[in-house]
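Hi,

Here is the structure I promised to pass on.

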Amino acid sequence: MHSVPTTVPFVDLKLQHQPIEQKIAQAMMAVITGGDYVLGQALTEFESAFAAACGVDYGVGVACGTDAIALGLQACGIGEGDEVLLPANTFVATLIGVLRTGAKPVLVDCEANTGLIDLIAAERVITPQTRAIVPVHLYGQMVSPARLIDLADTYDLIIFEDAAQAHLAEREGYRAGSIGAAAAFSFYPSKNLGAMGDGGMVVTRDEAIAQRLKSLRNYGAPKKYYHTEIGTNSRLDTIQAAVLGVKLPYLAQWNQQRFEIAEQYNILLSPFKSQGLLPMQNQVGAGHVYHLYIVRVMMETRSSKFCPVARQVLQENLQAQGVETGIHYPIPCHLQPAFKFLGYRMGDFPHAEQLSEEMLSLPMYPGLTEAQVNRVVGALSNALAAPIPVKLSA
Ligand SMILES: *Cc1c(COP(=O)(O)O)cnc(C)c1O
């Protein structure tokens, strides 16, 4: 029988686990029988292995990426009275992490072609209180390490990377997580390296920062029942570390698959540029780990080559054809109701605002087949040819 084209989900996490299911089950069972559920051996082993993969000496596992940012910055000495630069175009967790330290977040616009923090704009808002910059290697593409280091040296800033979307990404000979004082990773299931639940890690080459983090994640106790500061309870579970330890050796090949999928999209989508579909720019070549693959649906009001179909209509049409897409992110941080108190308003970060209206994330994950990528692009082509959303039978 001729196979019926199936739907293409936005993400399918089961695919990557199927071939290694037995290994994962064994590793979990070893934790179950071993009994060291908190701060156990599998955690220590994974911390070393992941830090080494990032090219640094220390890894400290925490409960999630948000905690990795908050506690990591705190361990770097960031707190009240400090100003911290970060992009307006990021997942809100970056901003929440900064706010939790007590420091004042200073948002910066992004570049329109990459969505990454605009370092020229960042330089303009530096004051004597600016202590740190949190570059976000968004979508899997690193912010230029050379330019970051140059800026940090000039203004005596701490670089703290948000590498939650950039496991093993590279640029200019640097690996994500190795540029500055420390870096935060998330192991949320859909990240390039994901646990089976929440998880995060701070990596650093600074032993003192690592020690302080070990205390901060454990109620502020450098040794049992002796508390030197108000810490919290934020540890990466041993069982999650065991899962991640099994998955880590496959990460490079999964990233490679993502890269190949991106190349296929790039080729297939190039004819659509004239119709106002513009892939986000890859400026780092093979170092891009494509956490997400994003196309910009150019708007008539902003571009001479605009898309005849509005993004929402396009997304609904794709959905009707069985192709799931996402938007990362629909509302920039400075326009979220929760952060109104920061005093920003519409118009403050035009590129971030523009991208929030243009971006569309296409399916991108290890295990997505060439045929499925073709189907996504075919569906896009249909949607552009028939601008009115049509109800298709499932
Ligand atoms: C996922 C993510 C985080 C937060 O990680 P959690 O593990 O979900 O807390 C922070 N920053 C960015 C850029 C992310 O994508």
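**Around the ligand**

A backbone N or O atom of G65 sits 2.7 Å from an oxygen atom of the ligand, a polar contact in the sense of a pair of N or O atoms within 3.5 Å. The protein covers 92% of the 380 Å² of accessible area that the ligand has on its own (Shrake-Rupley method, 1.4 Å probe).

Before you go on: this is a predicted model, where local features need pLDDT of at least 70 and side-chain atom pairs count only at 80 or more, while totals for chains, interfaces and linings use all residues. Residues are numbered from 1 along each chain as its sequence is written, and side-chain values use heavy atoms, with hydrogens and water left out.

Side chains reach the ligand too. S186 has a polar side-chain atom 2.7 Å from a ligand oxygen, and an N or O atom in the side chain of K191 is 2.8 Å from an oxygen atom of the ligand. Along with G65, T66 and D162, these two come nearest among the 15 residues around the ligand (those with a heavy atom within 4 Å of it). From the helices, α4 (65-75) and α5 (92-100) each supply at least two residues of that shell (helices are DSSP runs of H or I, at least four residues, numbered from the N terminus). With 3 residues, α4 gives the most.

Where does the ligand sit? In the largest pocket, meaning more than half of its atoms lie within 2 Å of the pocket's grid points. A pocket here is an open set of points on a 1 Å grid over the protein atoms alone, where a 1.4 Å probe fits, with protein on both sides within 12 Å along at least five of seven lines; lining residues have an atom within 4 Å of a point. This one is lined by 28 residues, with Y188, S190, K191, H291 and Y329 nearest its centre.

Cheers

Notes
A polar contact is a pair of N or O atoms within 3.5 Å; within protein, one must be able to donate a hydrogen and the other to accept it, and residues adjacent in sequence count only if both atoms are side-chain atoms.
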